[in-house]
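Hi,

Here is the structure for you to look over. My notes follow below it.

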Amino acid sequence: MARATCALCGRQADTEDTPLTWATSVEGGRKLLYCDSCARENVRGIEGKLDAVYW
Ligand SMILES: [Zn+2]
């Protein structure tokens, strides 16, 4: 299993498992991952299910 990679900043998780602090979002049928810092900054957009292109 590949390491979790943040869809916004490209940061990779330290482990193969997605850290609990990371957020997941399904957009257009794809599962996207966001690291803890990006998730905090974009929590409103993620919760609103907005497509990343609008951020
Ligand atoms: Zn990130």
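How are the donor residues of the zinc ion spaced in sequence? The pattern is C-x2-C-x25-C-x2-C. Bear in mind that this is a predicted model.

Zinc site

The ligands are C6, C9, C35 and C38. Each of these cysteines coordinates the zinc ion through SG, at 2.3 Å. The 4 donor atoms subtend angles of 105 to 115° around the zinc ion, so the arrangement is tetrahedral. For reference, the ideal angle for four tetrahedral donors is 109.5 degrees. C35 and C38 are both buried.

Core

The largest nonpolar core has 11 residues. Its members are A4, C6, A13, W22, A23, L32, L33, Y34, C35, C38 and A39. β2 gives the most, with 3 residues. Three zinc ligands, C6, C35 and C38, are listed in the core too.

Contacts of C6

Leaving aside residues up to four places away in sequence, C6 touches R11, W22, L33, Y34, C35 and C38.

T5

T5 sits in the segment before β1 (23–27). T5 and C35 are 30 residues apart along the chain, yet their C-alpha atoms are separated by 7.8 Å.

Best wishes

Definitions and conventions: Residues are numbered from 1 along each chain as its sequence is written. This is a predicted model: local features need pLDDT of at least 70, side-chain atom pairs count only at pLDDT 80 or more; totals for chains, interfaces and linings use all residues. Side-chain values use heavy atoms; hydrogens and water are left out. Donors are N, O and S atoms within 2.8 Å of the metal (3.2 Å for Na, K and Ca); water is not among the atoms, so sites may look incomplete. Four donors count as tetrahedral if all angles lie between 85 and 135 degrees; four count as square planar and six as octahedral if opposite donors are over 155 degrees apart and all others between 65 and 115; anything else is irregular. Buried means under 20% relative accessible area, exposed over 50%, partly exposed in between (1.4 Å probe, protein chains only). A nonpolar core is a set of buried Ala, Val, Leu, Ile, Met, Phe, Trp, Tyr and Cys residues joined through side-chain atoms within 4.5 Å. Helices (H or I, at least four residues) and strands (E, at least two) are DSSP runs, numbered from the N terminus. Contact means heavy atoms within 4.5 Å.
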